[in-house]
Amino acid sequence: MKTHFPNSYTEIDLELITRNLREVRRQTGIEKILSVVKCNAYGHGAVRVARRAEPEVDWFGVASVDEAIELRMGGIQKPILVFEVPTSRTAAAYQTHGLTATVSNKAHFSVLMDGTKYHLNFDTGMNRLGFHPSEAEDVRQLAVANQRLICSGIYSHFATADDPGSGFVRTQLNRFREVLTHFGEIPLVHMSNTGGAVHYHRDIEQFTMVRSGLTQLGYTAGDVQVDWLTPVLTWKTRLVQVRNIEAGESVSYGRSWTAKSDGYIGTIPTGYGDGIPRALSNKLKVLINGKFYPVVGNVTMDYIMVNLGKNKLPVDSEVTLMGGEAWDASHWAKAAGTNVHEILTGLSGGRMARSYTDY
Ligand SMILES: *Cc1c(COP(=O)(O)O)cnc(C)c1O
């Protein structure tokens, strides 16, 4: 659906993507960065984010072949690693579009077409995708036997790196190190995601590359944020109605909030259909004219309501929902009991307009 009359606006400051990526290098000393732009760059627009990130990074990573093709169509030239499993249906696309596959199962060696580049994926504790470490020797032999394919990397993925004090990070690292002893010279070795890079760069080996989606967008993973990253996205809208409420009257479905005194309620035209978690009912605070106002009553699909108290603000007043001086996605995540990733990917609905500032 084309949005002629959007209900809200996201503004993405592209210069901050550059700044965040340079800060990642400066603060962590990490050698190579693979910019993860899956899921439409966590709702920020994959091609726009990737174009801006391209001079600062070495690789791109996406969840699917379709996402990789979108990047190629958008002019992205750097290598792209696809995380999903290759199938007979997608095998040709890796060659056509110059994509690097992930081999995470023995069958994948026969699925891919001659000359396809790939990275091996070992599962050291996620139990999601990847070879079991005990298969390392078999996998090495298969790689040697399949010289028709080109192995250019090997990786694994942390389950708990968003927590700066997780012992399991080291367990996984040790399992991965053991796997690596079976393989001689593989050009690229990578394990850290955002959490591994930001929270653990002093403590654990980062190998030759880190894979990060969040840092370029100005966030780290987990509850502990760092002051050297700046969120690139702000989300704004306007008050569409300002109404009286009398003490004792309730607001929204389920009547979860009741006014204690007479005052004003502001109606805002964004709801869970646009990515405001219903779990933020009676929790979220939004910024209007430099002052925070609490969302009261349950978040609805299309609207949220805020308690303006005695302030009869004018209709059309600008409301900052996220970013800028308002709550950023990490505050949202904490209040909603989820992670920053889920909050940001939730904003990918079709009713808002996106604009990009470039200077
Ligand atoms: C999504 C993903 C990442 C990036 O996660 P961030 O927390 O944004 O850094 C890295 N590696 C793999 C395999 C992923 O699926």
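The domain assignment, which is automatic or taken from a database, divides the chain into domain 1 (14-217) and domain 2 (233-327), and the centres of these two domains, taken over C-alpha atoms, are 41 Å apart. Please keep in mind that this is a predicted model, in which local features need pLDDT of at least 70 and side-chain atom pairs count only at pLDDT 80 or more, while totals for chains, interfaces and linings use all residues. Residues are numbered from 1 along each chain as its sequence is written, and side-chain values use heavy atoms, with hydrogens and water left out.

Let me turn to the ligand. Around the ligand there are 13 residues, of which K38, Y42, T194, R211 and H341 come nearest, where being near requires a heavy atom within 4 Å. By class, this shell holds four nonpolar, six polar and three charged residues, with Gly counted as polar, Tyr as nonpolar, and Asp, Glu, Lys and Arg as charged.

Now for the polar contacts, meaning pairs of N or O atoms within 3.5 Å. An oxygen atom of the ligand lies 2.7 Å from a side-chain N or O atom of K38, an oxygen atom of the ligand is 2.5 Å from such an atom in the side chain of T194, and a polar backbone atom of L214 is 3.2 Å from a ligand oxygen.

Methods:
Polar contact = N/O pair within 3.5 Å; in protein donor to acceptor, adjacent residues only side chain to side chain.
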